Amino acid sequence: MSNFIEHLPLLTVVISLLSAITILIAGWIYKKIAWWISLVTHLSQFTFSLWILNHVLTHGPIHYRLGGWVPPWGIEYVMDPLNSYILVILLFLALFCLLYSKRNIEHELPKKVVSFYTVYQLLLTGLCGIVVTGDIFNMYVFIEIASLSAYALIASRGKIALRASFTYLVLGSIGACFFLLGIGFLYAVTGSLNMHDLSLLLPPFYKNRVVIAAFVFILVGLSIKMALFPLHTWLPDAHAFAPSEISAMLSGIIIEVATYAFIRVSFSVFTTQFLQLFPIFEILSWIAAGGIIFGSILAMTQMNLKRMLAYSSVANMGYIMLGVGLSTSTRLGLIPPLIHILSHALTKACMFLVAGAFIYKADLWYIKDLQGLGRKMPYSCMGFLLSALALLGLPPGVGFVTKWYLIIAALESKKYIFVGVIFLSTLLMVFYFWKVIEYIYIRIGEEGAKEIRIDEIPWSMLIPVMVLGSLCFIVGIVWLTEIPLPILDRVNSLFKLGRVP
Amino acid sequence: MNEKERDVIVETVSRVMIPFIQLYALYVIIHGSGGPGGGFQGGVVFASSFILYVIAFNLAGGRKRFPESANTLFSSLGLYIYGGIGLLAILFTRGMAQYLNYGFIPFTSHFEENRALGMDFVEMGIGITVMAIIASIFFDLAQREEPVGEKEEK
């Protein structure tokens, strides 16, 4: 049986690819089957990912050699605690976005249902591939697959989304080029593309300028993909005008997977030893702090709900990168950023799905149009309220856990200013989320006196919203009980983090 | 394109050329694993025969011979061959061999020969998909252009 588990990382990628083309053919014959095929694939992928996580935690990492070729020559898939943790989050969120998309896509893109699910499945292939691979060039290829399908999905709405998608395409391609250039430099120095092999071959060249340039290229390239503060310009439009489930995927998963790629490259290919030679992570945490403040301030000024959430994503990517930046100087290591990846995925996905519900029901894009919706759509507004409070940091929500760990990390590394940044951004966050909540619940408007009928979105869309909204608090409580922390401790010990230097 | 614009020389030459281009494409695909060339190049050469047909005759005729549905079918078929042949290695050995480890697929009794055959099948898969995709890109570009051009002539 353990033999079968070895194949699972690969099967998550391959069945996703095969199901994409099956959807294309089957959907051509019978349109409605597309969603069902996608659902079956998602369910099996999610089951596989849980299985992998369990196996990795009980039996240790999985190494899979594609085509039977020995690693430095062939491609290798490696599953360790970090991978499998991200893979579970990815597939869990993708499953809920898929459930939500059934009615929403029939409503928004009635003519493009089949091609939507085909490309959606391809997107998932790319994302799973980035996460499972242990080969840096293979990672680049999967980043391209995921990005190309993301461009197509954003553009699927037509009109203004085309422009947003094109901006993302140009910037994303530049990012991918930088990443590829970095890989090329590493290959020129070492002659290897396997991550583990690279980490063994690189140490003598740590002071080599080509290697330093390679790291900077990879950092810049992936920063564009993950929308780190000065390079975030593609993000607001792309998030605002994509179909809502794709906004949720973009904000909750795609930029997080780029962060994963950065964590993987900086700790698995380059090691903490390299990172401590230069103040690169110190610079990164300052940039991230700038991103937190900048994203929050710009989110305050937005009138469009989805754009506001998009700028909030910029701020939250700042949180994640701040955690990564502090990781080498605290005992907590990568715990804060990894917790925030989950927190942000849950909360922001839920909020984007609710924003999509407003668009689905009444085509409401602007915050000031949301007056009195708290009575009209009580359940979806409840989902928004829960996830907003959780992200703000109301204990025991997920946001509270991240901020708690981030503040401890900042105090431990004696960078007190970041504590101030976190408090300030929380204040700003209260401001911009409260604006929405005020419009939804308190400002009823002129029709307030009239009797209001409850007019909710369909069940298939409501269930993901409610589940994600309640998970924001349930997962927070689970983190506070410290039961799942051993997973993250293993990640730290894998990268030799979590010790005070 | 109306009847008067048809050019006898171009049509006759392409009528002779197209089968040879396609044969050459198949040659490039089949010999891809052992020599220069391969699935991608062969697929592009094959698709170029459709482009020649459209240039020499007309777009509507080309689309009729290679319709949208065939495009979808072939582009998925190639991927099925590519992905499926890798899965066969897992299925035949019940999980002993890895994905894409063609040597374990029992085409013949020799490990190396199996591996070579597996690679040939993969090249064919790539060739079919690339052919369909290149042709579809060409048709999409050509069809977009057409209505604008007609208006300008009038």
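**Two helix pairs in chain A**

**View 1. Helix 3 of chain A crosses helix 10 of chain A in a left-handed manner.** Left-handed means that the near helix is turned anticlockwise from the far one by less than a right angle. This is a predicted model: local features need pLDDT of at least 70, side-chain atom pairs count only at pLDDT 80 or more, and totals for chains, interfaces and linings use all residues. Residues are numbered from 1 along each chain as its sequence is written, with chains lettered from A and ligands numbered from 1 in the order in which they are written. Helices are DSSP runs (H or I, at least four residues), numbered from the N terminus. Axes are lines fitted to C-alpha atoms over the stretch in contact, and angles run from 0 to 180 degrees between N-to-C directions.

**View 2. The contact of helix 3 with helix 10 of chain A.** Residues are in contact if their C-beta atoms, placed from the backbone, lie within 7 Å. Helix 3 contributes residues including Leu90(A), Cys97(A) and Tyr100(A); helix 10 supplies, among them, Glu245(A), Gly252(A) and Tyr260(A). The contact holds 11 nonpolar, four polar and one charged residue.

**View 3. Helix 4 (residues 113–132) packs on helix 5 (residues 136–155) of chain A.** The angle is about 150°, with the axes 8 Å apart. Helix 4 is thus roughly antiparallel to helix 5. Their crossing is left-handed. Contact residues include Tyr120(A) and Gly126(A) of helix 4, and Phe142(A) and Ser149(A) of helix 5.

Definitions and conventions
Angles under 35 degrees count as roughly parallel, over 145 as roughly antiparallel, 65 to 115 as roughly perpendicular and the rest as oblique. Two residues are in contact if their C-beta atoms, placed from the backbone, lie within 7 Å. Ala, Val, Leu, Ile, Met, Phe, Trp, Tyr, Cys and Pro count as nonpolar, Asp, Glu, Lys and Arg as charged, and the others, Gly among them, as polar.
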